[in-house]
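Here is a short briefing on one protein chain. Please keep the sequence and the 3D view open while reading.

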Amino acid sequence: MKIVIINGQNHKGSTYHIADKLARKVGGEITEFFLPKDFGEFCLGCTQCFTTDERKCPHYNKLKPITDAMDEADLIILASPVYVYHVTGSMKAFLDHYGYRWMVHRPEEKMFRKQGVCISTAAGAGMKSANKDMADSLFFWGIPKVYKYGNAVASIDWNHVSDKKMQEIEKKTDSLAKAIIRNNGRVKAGLKTKGFFHIMRALQKKGWNERDVEYWREKGWNGKKRPWR
């Protein structure tokens, strides 16, 4: 299995260690990136990715290694500590660059056969909203199976996380790893994904952005073809 981990910060704290632990339990080829070290640009709002081509984005070449790794992966892990009840600014800036890949625009069909995991930690709270920040993108990219795991580690230092918390983390990552391995190569688009896709399909038939309309036409999605088949 090919796994890509996108870490929402540079240093290796609790979130990093949990994501790393899960990936190693799943097993396979692991590729990881750290934000903002490996990509730290903010979306400029130029709309070139929407109206013309994503390759016109001024940050396209910097982002391409991560894009290619995600496209090739079977499992995408997004990992971010909680910053003021949400993901880090680096993770948000990263995800902003993939708006053109949301189902409302030009989703990558490979995404409809992948699994995704959102992992967040905090000393106290905010994991639910941070995970939602990441899960929203995974869903709207078309990933049909998304797991979310948040843990209030009650520490700002991984080395001082309590034994009880460590046991909890071990148990949860064991469970997640087993589910991911069991579903590898077997995930199917669910009713929510299919339903949203068909709503977008209706919009693309009418057309409001010629670049998107052309893309859906080329893919044959306005006809009988579907990205999950």
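Arg101 sits in the loop that runs from helix 4 to strand 4 (115-122). The model is a predicted one. Despite the loop position, Arg101 counts as buried, because its relative accessibility is 9% and the cut-off for buried is under 20%.

- Beyond its neighbours within four places in sequence, Arg101 contacts Thr67, Asp71, Arg106, Pro107, Glu108, Met111, Phe140 and Trp141.
- Arg101 and Thr88 are 13 residues apart in sequence. Their C-alpha atoms are 21 Å apart in space.

**The chain as a whole**

- The chain has 8 helices and 5 strands.
- Their order along the sequence is β-α-β-α-α-β-α-β-α-β-α-α-α.
- The radius of gyration is 18 Å. This agrees with a compact globule, because a globule of 229 residues would have a value near 17 Å.
- The C-alpha trace spans about 55 × 35 × 30 Å along its principal axes.
- Of the 229 residues, 49% are buried.
- Take the contacts between residues at least 6 apart in sequence: 79% of them join residues at least 24 apart.

**Helix 1 against helix 6**

- Helix 1 covers residues 14-26, and helix 6 covers residues 163-183.
- The two pack at an angle of about 45°, with axes 9 Å apart.
- Helix 1 and helix 6 are therefore oblique to each other.
- The crossing of helix 1 past helix 6 is right-handed.
- Helix 1 brings Ile18, Lys21, Leu22, Lys25 and Val26 to the contact. Helix 6 brings Ile169, Glu170, Thr173, Asp174, Leu176, Ala177, Ile180 and Ile181.
- Sorted by class, this contact of helix 1 with helix 6 holds 8 nonpolar, 1 polar and 4 charged residues.

**Helix 7 against helix 8**

- Helix 7 is residues 191-206, and helix 8 is residues 210-219.
- Their axes come within 10 Å and cross at roughly 115°.
- Helix 7 passes helix 8 with left-handed geometry.
- On the helix 7 side, the contact residues are Phe197, Met200, Arg201 and Gln204. On the helix 8 side, they are Asp212, Val213 and Trp216.
- The class count for helix 7 with helix 8 is 4 nonpolar, 1 polar and 2 charged residues.

- Phe94 belongs to helix 4.
- Phe94 is buried, because its relative accessible area is 0% and buried means under 20%.
- Setting aside residues up to four places away in sequence, Phe94 touches Ile6, Leu35, Phe39, Leu63, Ile66 and Met70.
- Phe94 and Asp157 are 63 residues apart in sequence, and 25 Å separates their C-alpha atoms.
- Asp136 is part of helix 5 (residues 127-141).
- Asp136 is partly exposed, because its relative accessible area of 26% falls between the limits of 20% and 50%.
- Asp136 and Ala23 are 113 residues apart along the chain, with 21 Å between their C-alpha atoms.

**Backbone points to check**

- A cis peptide bond links Leu35 to Pro36, with omega about 10°.
- Pro36 lies in the loop between strand 2 (29-34) and helix 2 (48-51).
- Val84 is not glycine, yet its phi is positive, near 40°.
- Val84 is in the loop between strand 3 (75-79) and helix 4 (89-96).
- Val84 is exposed, because its relative accessible area is 78% and exposed means over 50%.
- Ala154 is another residue other than glycine with a positive phi, here near 55°.
- Ala154 lies in the loop between strand 5 (145-152) and helix 6.
- Ala154 is exposed, with a relative accessible area of 61%.

Note on methods. Residues are numbered from 1 along each chain as its sequence is written. This is a predicted model: local features need pLDDT of at least 70, side-chain atom pairs count only at pLDDT 80 or more; totals for chains, interfaces and linings use all residues. Side-chain values use heavy atoms; hydrogens and water are left out. Axes are lines fitted to C-alpha atoms, for helices over the stretch in contact, and angles run from 0 to 180 degrees between N-to-C directions. Helices (H or I, at least four residues) and strands (E, at least two) are DSSP runs, numbered from the N terminus. Angles under 35 degrees count as roughly parallel, over 145 as roughly antiparallel, 65 to 115 as roughly perpendicular and the rest as oblique. A crossing is left-handed if the near helix is turned anticlockwise from the far one by less than a right angle, and right-handed if clockwise. Contact means heavy atoms within 4.5 Å. Ala, Val, Leu, Ile, Met, Phe, Trp, Tyr, Cys and Pro count as nonpolar, Asp, Glu, Lys and Arg as charged, and the others, Gly among them, as polar. Buried means under 20% relative accessible area, exposed over 50%, partly exposed in between (1.4 Å probe, protein chains only). The radius of gyration is taken over C-alpha atoms; the globule rule is 2.2 Å times the number of residues to the power 0.38.
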